[in-house]
Amino acid sequence: MKILIIGASGMLAKPVVKELDKRGYQLRLFSRSVQQSMFPKDYEIVNGDVYSIEDLKNAMAGCNAVHVSLTVDDEAGAMQCIVDAGRESGIELISTISGCTVAEENRWFHMVDDKFRAEQILIQSGINYMIFRATWFFESLGLLVRNGKAMMIGRQNHPYHWIAAADYARMVGEAFDRPAAANRIFYALGETPLLMKDLLVKYCEIQHPEIKKISTTPTGMLKMIATLSGKKPLKKVAEMFAYFEKTPEMGDPAETYAMLGKPQLSFQDWLYEID
């Protein structure tokens, strides 16, 4: 099987590339910015626009399946383009990462609504699909450390079953290995509920011992700063953290564990294995 990885330059695509390669799949990598230098070995690279049907059809030529790992403002629009190109290209299977709180009742938040619509477009496409509704990743902790300082955004009092990107990638690999995994939604969750602040404290102790204090910025204050400064990416971050302040984790990973296996890396394991 030859798999096209869409969004191949992203943080969560790289471990999937590594895992699928290890399992013997032929891979082609696609995004606007993906470069060979991002990977330790040579892969077939195609640069293009995910909103261009022609770019997608060119990238899909000769592929059997597609894995989508995107972080874009219009995921539903991107998925519609991928599905349309996939139908014309004879793609047999499309897998995608989504979020563990994606559900009808959370569509009041525009980012969740976008992901929900993207899921529905894929499910109704007529192409076999696999959807991975993932929780927070341990790798996200590094994004909370900048310029020698660590900062929590909002209270974040809801525990989430955090997971290592490598375990998520292994689940994706197992799913591609199993025909019975087609047309299912999997919850990619860790085994232990954990609070973001507790993880950040331990992360800094081991990876950034020079940081002695973790500051907290209220989401409302961050929204105000983003509005006054006109920084749209900052506003998006503030909105996302405000959402997670209000929204508990969803989903039961029992079916995922039964078919694809349980996560293998605890937080402690992951923490001491970081390169």
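**Charged residues in the predicted model**

In this predicted model, R23 counts as partly exposed, at 24% relative accessibility. R23 sits in the loop between α1 and β2, while D177 belongs to helix α5, 154 residues away, and the pair links these distant parts of the chain. The contact in question is a salt bridge, with the closest N and O atoms of R23 and D177 2.5 Å apart. D177 is itself partly exposed, with a relative accessible area of 37%.

R23 has another partner as well: a salt bridge joins R23 to E174, with 3.1 Å between the closest N and O atoms. Because R23 lies in the loop between α1 (13–22) and β2 (26–31) and E174 in helix α5 (residues 165–177), this pair ties together parts that are 151 residues apart in sequence. E174 is buried, its relative accessible area being 17%, which falls under the 20% cut-off.

Across the whole structure, 24 salt bridges are found. One further pair is R107 and D113, whose closest N and O atoms are 2.8 Å apart. Here R107 is partly exposed at 26%, whereas D113 is buried at 18%.

D114, in helix α4 (residues 110–123), is buried at 7% relative accessibility. The D114 side chain reaches the backbone nitrogen of E75 at 2.7 Å.

K246 is located in helix α8 and is exposed, with a relative accessible area of 59%.

Methods: Residues numbered from 1 in each chain as written. Predicted model: local features only at pLDDT ≥ 70, side-chain atom pairs only at ≥ 80, totals over all residues. Heavy atoms only, no water. Helix = DSSP H or I, 4+ residues; strand = E, 2+ residues; numbered from the N terminus. Buried < 20%, exposed > 50% of the residue type's maximum accessible area, 1.4 Å probe, protein only. Polar contact = N/O pair within 3.5 Å; in protein donor to acceptor, adjacent residues only side chain to side chain. Salt bridge = Lys/Arg side-chain N within 4 Å of Asp/Glu carboxyl O.
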